[in-house]
Amino acid sequence: MTDDHQLRVSKIQNGTVIDHVEAGQALNVLAILGIDGTSGEAVSVGMNVPSDRLGRKDIVKVEGRELSQSEVDVLSLIAPAASINIVRDYEVVEKNRVVRPETVSGIVSCPNRNCISNADEPITSGFAVLSDGVRCDYCGTIVREKEIAANLDVS
């Protein structure tokens, strides 16, 4: 018999907990943060865990790292319901829900091959953030929320 109230992933001493991520997006969160397991930071990932609010959710815990605002902005595109918890000495000292910015630049690539942002022009991609995706500033192509992860420029 299992108890749904038991701790599924251990607490972290210092770092960031990204909670209420849509189920199945945890690996995209790791990609956005540039975490591939080679840098030595301790990471815990819970995928498809029960959630009262979302039904199922993912959780990512990163030991020894607090996210920058630009990282949170990118996360808001693929995890608009996420909360960012800053942990120090095993206690949550700050808890914020992500807030989508009005625009993003340089973090999403336009999927339209004919868009000027994909040419060899010295411009940075730019998108207006919509309620369910983003719209390219140059060609107007709309990238829906489910497609954003595939078009992230995390290089």
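1. Helices (H or I, at least four residues) and strands (E, at least two) are taken as DSSP runs and numbered from the N terminus. By this assignment, C115 is found in the loop between β6 and β7, and C139 lies in the loop between β8 and β9.

2. On the basis of the note: the model is predicted, so that local features need pLDDT of at least 70 and side-chain atom pairs count only at pLDDT 80 or more, while totals for chains, interfaces and linings use all residues. Residues are numbered from 1 along each chain as its sequence is written, and side-chain values use heavy atoms, with hydrogens and water left out.

3. On the sheet: β6, β7, β8 and β9 form an open sheet of 4 strands in the order β6-β7-β8-β9, with antiparallel pairing (two strands pair if DSSP finds at least two bridges between them). The edges are held by β6 (103–105) and β9 (142–144), each with a single partner strand, so one side of each is left without a neighbour in the sheet. From one strand to the next, the twist averages 30° (axes are lines fitted to C-alpha atoms, and angles run from 0 to 180 degrees between N-to-C directions).

4. On one strand pair: β7 (residues 126–130) and β8 (residues 133–136) pair in the antiparallel sense over 4 bridges. V129 has V134 of β8 as its bridge partner. In general, strands of a sheet pair through backbone hydrogen bonds, either parallel or antiparallel.

5. On the annotated cysteines: an unreviewed UniProt entry places the feature "binding site" at C110, C115, C136 and C139. UniProt positions are given in the numbering used here, feature names are shortened, and annotations may be inferred rather than shown by experiment. The four positions are spread over 30 residues of sequence, yet they cluster in space, the largest C-alpha distance being 8.8 Å.

6. On two of these cysteines: C115 is buried at 3% relative accessibility, whereas C139 is partly exposed at 31% (buried means under 20% relative accessible area, exposed over 50%, partly exposed in between, with a 1.4 Å probe and protein chains only). Leaving aside neighbours within four places in sequence, C115 is in contact with C110, C136, Y138 and C139 (contact means heavy atoms within 4.5 Å). With residues up to four places away in sequence not counted, C139 touches C110, N112 and C115.

7. On N85: this residue is found in strand β4 (residues 83–88). N85 is buried, with a relative accessible area of 7%. Not counting residues up to four places away in sequence, N85 touches G15, T16, V17, D19, V92, E94 and K95.
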